[in-house]
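Okay, thanks for coming, everyone. Let me put the sequence and the model up on the screen, and then I'll walk you through it.

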Amino acid sequence: FGSSYLSFCVRVVAMADDDDLDDDQEEHTVGEGTTALHFLAPVEVLPQTARTEWLQKQKEERRRRRIEEREERRKQKEADEAKERRRKAQQKEIRQQKERERELQDRRRREEEEQREKMEGGLGQIIAQLQKNESERDISFVGIDLGSVQVRLLAKALENNTTCESIDLSRKGLNDEDGVALAEMLKVNRNLRKLELEGNNLSIKSAKALAEALMSNATLRMLDLESNNITSAGNDQTGVVAFADALKQNQALRCLNLVRNHVTHQGGDPLVGAMTHNTECILLDLSGNELHPKQLRDIDVVIQENRKNLSKLRRAERRERFAMYTEQYRCRQYDMQVEAKRIELDALEERRLHRQRERFVAWQREADRAEQKEAEEMARLQQEHEDRVAAGGKKKKGKRK
């Protein structure tokens, strides 16, 4: 390119307004590196008439649409790239999470196997009995030290157990890992009635896990969480809210002990709302917490109503059981009378058959005697006939002589 051509381009660009430049004009580059020149192709300059104004407006409209389309494509491309980055990050996080869970499961499995080899004494005996369904009805771990591995083994032994109804794990220093293991057990176990976890270190994570287990468990009647930390010293009430949600759905739990857990009025409102939907809970102990007196009174009103309804139900059940017992007694009496009548009829029929057999035997003997007598008479008559025949023959012989 010569210097005259460059000067011509500069003059043409100077004559044209910046807004008149078409975005479709190609950019040209001369040279390379820092000495390269960048410029647009020459533009057409028209006189200012109505026709040219209209063309200029059409041109500006096309330019604006192209700019908007480019901007939209750019934004869409950035959004797609951001979405792809998030997807890859999520996949990476999922893979890492699965890897961590797999490593955790492997570690727990190794710990449990090592603990089984080392296990001895009372704990090993209790777990063996639970696995064989030969355990006591009520089990207490007083005087037995429990770690996380032992609690996991205990929870697995309880999953399919059908003999144990009460477990006391009070003041054993249980943590959230232990609480989650016990919650997983409650989702499967269908025989446990009472679980005491007083005086441990269970926090929000354990509270949420236990509340989730109560959603599906229909056999547990009593849960004791006194003196734990399910609200993180009153700073987080989500664990209490989870229990409130569980109480709305669970209609089997009768007693829930949340004494000294720093439950505040923020957790009290969900509990009040939950108790209005629960008709089975007759004891919700919230003493030693920080609830408003009105919240406690509202809960107590529902509790008293549930107790009254339960008392009515029990009285009705007692009356029904007594009526069933009376009806059963009457049925037994009637069965005894029917059986006595049947025995009497059987005896009468037996006597009738006996008399009939005796008469038949007597008739048979009489018939035998008559037959014998008839045979003897026939023999006598036959003999007389033969004697007469013999006597008649002798007379004829004498006459001939």
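**A walk through the model**

Let's start with Ser232, which sits in the loop between β6 (222-224) and α7. A quick word on those labels: helices (H or I, at least four residues) and strands (E, at least two) are DSSP runs, numbered from the N terminus.

Before I go on, two housekeeping points. This is a predicted model, where local features need pLDDT of at least 70 and side-chain atom pairs count only at pLDDT 80 or more, while totals for chains, interfaces and linings use all residues. Residues are numbered from 1 along each chain as its sequence is written, and side-chain values use heavy atoms, with hydrogens and water left out.

Back to Ser232: it isn't a glycine, yet its phi is positive, about 55 degrees. Its relative accessible area is 30%, so Ser232 is partly exposed (buried means under 20% relative accessible area, exposed over 50%, partly exposed in between, with a 1.4 Å probe and protein chains only).

Asn133 also has a positive phi, about 60 degrees, without being a glycine. You'll find Asn133 in the loop between α3 (121-131) and β3, and it is partly exposed at 31% relative accessible area.

Now follow the side chain of Asn133 across to Asn161: a polar contact of 3.3 Å joins the two side chains. By polar contact I mean a pair of N or O atoms within 3.5 Å; within protein, one must be able to donate a hydrogen and the other to accept it, and residues adjacent in sequence count only if both atoms are side-chain atoms.

So is Asn161 buried or exposed? Asn161 counts as buried, at 2% relative accessibility. It lies in the loop between α4 (148-159) and β4. The side chain of Asn161 also reaches the backbone oxygen of Leu130 at 2.9 Å. If we skip neighbours within four places in sequence, the contacts of Asn161 (heavy atoms within 4.5 Å) are Leu130, Asn133, Ser135, Asn189 and Asn191.

Next up, the sheet. Six strands make an open sheet with parallel pairing, in the order β3-β4-β5-β6-β7-β8; two strands pair if DSSP finds at least two bridges between them. Which strands stand at the edges? Those are β3 (138-140) and β8 (283-285), each with a single partner strand, so one side of each has no neighbour in the sheet. At the β3 end, three bridges join β3 to β4 (residues 166-168), and Ser140 has Asp168 as its bridge partner in β4.

On to the helices. Helix α5 (residues 176-188) and helix α6 (residues 204-216) have axes that come within 8 Å and cross at roughly 5 degrees. Axes here are lines fitted to C-alpha atoms, for helices over the stretch in contact, and angles run from 0 to 180 degrees between N-to-C directions. That's why α5 and α6 are roughly parallel to each other (angles under 35 degrees count as roughly parallel, over 145 as roughly antiparallel, 65 to 115 as roughly perpendicular and the rest as oblique).

Helices α7 (residues 238-249) and α8 (residues 265-275) pack at about 5 degrees, with their axes 8 Å apart. So α7 and α8 are roughly parallel to each other. Among the residues that meet there are Val240 and Leu247 in α7, and Pro270 and Leu271 in α8.

Last stop: Arg369, in helix α9 (residues 293-400). Arg369 is partly exposed, at 48% relative accessibility, and a polar contact of 2.4 Å joins its side chain to that of Glu366.
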